[in-house]
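I opened my notebook to look up the salt bridges here. My notes follow the structure.

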Amino acid sequence: ATDTRRPSASAAPIAFATDSTVTSVQGTLAADNDAEFVIGEEKGTLLLVEVVAPSQDPKLTIHRADTGANLPDEHPNNVAHWIERLPDTVGYLIVVHKTGTATPFVLNLEKPRALFFDDRTLTAEVKLTVPANAVVSFVAPPSASIKAELVAAPKDAYITLDGLDVRSLRLADLRE
């Protein structure tokens, strides 16, 4: 998968809503055409991209829009999922590869913010104002355990904790 590819004229732009760190695009993959999307992000941004389809998830590749260079991630066996820090402040091409049949799909993108803990108290307090329906995600440093609390929020706000360490995956919804 070292192919070079630049965006075609049909590449659709994707942008995150203000203050949101998650966005998704729904579409249908034509039987014999790839779907292309472009996004501009800053160097060092942690970007997670995944494509989900009802039957079999299509293959996903990420390329620099300027040079067309393919950007593999460290998990090449999961072809429908990509996560990596972006090497430069440029545009990036996201390709959802054709499957041979018309395939409805959802393309999910996430750029979590880093969560920094106070060295003395080992706590982090996050205060933010986001528009309705916005989703904000954070990546925390490795820890034995994390306790999260929604202190003041609207009734329909909630926290979802996802553990990335596959040895001890825990998922919790905490509602106000």
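These entries go through the charged pairs one by one.

Entry one. I am working with a predicted model. I looked up the total and found 5 salt bridges.

Entry two. I began with Glu 36 and Arg 5. Their closest N and O atoms are 2.8 Å apart, and the two form a salt bridge. Glu 36 sits in strand S3, residues 35-41, while Arg 5 is in the segment before strand S1 (12-13), so this pair ties together parts 31 residues apart in sequence.

Next I looked at Lys 111 and Glu 41. Their side chains form a salt bridge, at 3.2 Å from N to O. Lys 111 is in the loop between strand S8 (103-110) and strand S9 (113-114), and Glu 41 is in strand S3; the pair links distant parts of the chain, 70 residues apart. Is Glu 41 buried or exposed? Glu 41 is buried, at 10% relative accessibility. Lys 111 has a relative accessible area of 22% and is partly exposed.

I then turned to Arg 64 and Asp 88. Their side chains meet in a salt bridge of 2.5 Å, N to O. Arg 64 belongs to strand S5 (residues 60-64), and Asp 88 to the loop between strand S6 (81-85) and strand S7 (90-96). The two are 24 residues apart. I noted Arg 64 as buried, with a relative accessible area of 15%. Asp 88 is partly exposed, at 27%.

Methods
Residues numbered from 1 in each chain as written. Predicted model: local features only at pLDDT ≥ 70, side-chain atom pairs only at ≥ 80, totals over all residues. Heavy atoms only, no water. Salt bridge = Lys/Arg side-chain N within 4 Å of Asp/Glu carboxyl O. Helix = DSSP H or I, 4+ residues; strand = E, 2+ residues; numbered from the N terminus. Buried < 20%, exposed > 50% of the residue type's maximum accessible area, 1.4 Å probe, protein only.
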